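Morning, everyone. I'll take it helix by helix.

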Amino acid sequence: MDESLSFESFYEGARKAAWKAMEDHGRREYDEFALHAGVAIERLTKAVLVVRNPLYLVEMRNGNADLLLYFGGDLELDTNKVRTVGASEALRRLRRMGILPPEPQLDLLIELRNGTAHTTIGNQAKALLPTLTETIAVLLVDLGMNSHAFWGRWLSAVLVAIDKERDEIQRDVEIRIDQAKHAFEDRFKGVSEDVKAQVLAAFEPHGPRFDLGLKARWLDELPVGGDYFHLATVDCPACDGPATVRFLPSEKDTVRGSMDILYCDLCNLHLIGQDEVKASGATSPFQSSRPPRVLTITGVGPIAARGPRPATES
């Protein structure tokens, strides 16, 4: 039988696709995530089937016995003529065998991957990360394979994704921090720790440029009724570089205000909302032992509308 139809080929293909899916999810490219996640599931289900019996890969629709004989090892065929079951049928067979339970979210993931779902991908695919990781966990148990060997550096994010004890926001933020860490590692791959430390020490985010970005991209999320907010730097929860935050001071105490946006240019960690920033563990720029590298006071709301913007501080 063709090597591309071996357990090793299916398993390795599933592993590579699952890693790409995690990277896509971290970059918020959810259409690509759905594609690679679906490929990972399809290939790992076929790895399970071929281990049980290569005949379980046979596509039965056309009633042609040649494929049955080929997978049974008694007939040679041109590899171009060889077809295996699709993802949906592979899932159905594993469910008939009691290996996988019925799961509508898993069916949706495969439909998104195939382009047959009557919905936009976007946030629906984003929410399917736990479905991917939980399904792979079940299949690896059936194969007797080690999760660490399959997931490698993504294992910690996967464990968070399947942890039901964490609330949804905490789980999502922890996964995105882990994804940003890997993006940072990839960016500085092959660079010595000394050089990396020098880059972190010298890197300066640009407060005013970030401010313009806020005006353009997050206009609807500007605080209503407030007089001003701060743009400042904090240690990034993912890469320890200088991340820029929007800080909303309280009327009585600037130190006890709240951060509701965080963005890091070095690792692309992007958090929106007070709950997300709080879940990341980021420390207030006014409570940190290290003062902010950039501090901009920006007018918003009524003051910005009726007069010139306050001066920039740094």
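Start with α1 and helix α2 (residues 30-52): they pack at an angle of about 160°, and their axes are 7 Å apart. So α1 runs roughly antiparallel to α2. Roughly antiparallel is the label for angles over 145 degrees; under 35 is roughly parallel, 65 to 115 roughly perpendicular, and the rest oblique. Axes here are lines fitted to C-alpha atoms, for helices over the stretch in contact, and angles run from 0 to 180 degrees between N-to-C directions. By class, the α1 contact with α2 has 16 nonpolar, 3 polar and 5 charged residues. Nonpolar means Ala, Val, Leu, Ile, Met, Phe, Trp, Tyr, Cys and Pro; charged means Asp, Glu, Lys and Arg; the others, Gly among them, are polar. The crossing of α1 and α2 is left-handed. That is, the near helix is turned anticlockwise from the far one by less than a right angle; clockwise would be right-handed.

Some ground rules. This is a predicted model: local features need pLDDT of at least 70, side-chain atom pairs count only at pLDDT 80 or more, and totals for chains, interfaces and linings use all residues. Residues are numbered from 1 along each chain as its sequence is written, and side-chain values use heavy atoms, with hydrogens and water left out.

The chain has 14 helices and 5 strands. Both are DSSP runs numbered from the N terminus: helices are H or I with at least four residues, strands are E with at least two.

Which residues of α1 are buried? They are F7, F10, Y11, G13, A14, A17, A18, A21, M22, D24 and H25. Buried means under 20% relative accessible area, exposed means over 50%, and partly exposed is in between, with a 1.4 Å probe and protein chains only. Keep one rule in mind: an α-helix has 3.6 residues a turn, so residues three or four places apart point the same way. Across the chain of 314 residues, buried residues make up 43%.

How long is α1? It has 20 residues and reaches 29 Å from its first C-alpha to its last, close to the 28 Å expected at 1.5 Å a residue. The expected span is 1.5 Å times one less than the number of residues.

Just after α1 comes R28, with a positive phi of about 60°. R28 is a residue other than glycine. It lies in the loop between α1 and α2. With a relative accessible area of 45%, R28 is partly exposed.

**The other partner of α1**

Now α7. Helix α1 (residues 7-26) packs with helix α7 (residues 129-143) at an angle of about 155°, with axes 12 Å apart. These two are therefore roughly antiparallel as well. Their crossing is left-handed.

Which residues meet? From α1, F7, Y11, A18, A21, M22 and H25; from α7, L129, L132, I136, L140 and L143. Contact means heavy atoms within 4.5 Å. By class, α1 and α7 meet through 10 nonpolar residues, 1 polar and no charged ones.

The buried residues of α7 are L129, T131, L132, T133, T135, I136, L139, L140 and L143. The 15 residues of α7 should span 21 Å, and its end C-alpha atoms are 21 Å apart, which agrees. G144 follows α7, and its phi is positive, near 70°.

**Further along the chain**

Look at helix α13 (residues 274-280), where E276 sits. Is E276 buried or exposed? Its relative accessibility is 16%, so E276 counts as buried. Leaving aside neighbours within four places in sequence, E276 is in contact with I169, D172, V173, R176 and L271.

Q274 is also found in α13. At 40% relative accessibility, Q274 counts as partly exposed. Beyond its neighbours within four places, Q274 is in contact with L248, S258, M259 and D260.

Next, N268. It lies in the loop between β3 (258-263) and β4 (270-272).

One last number. Among contacts between residues at least 6 apart in sequence, 62% join residues at least 24 apart.
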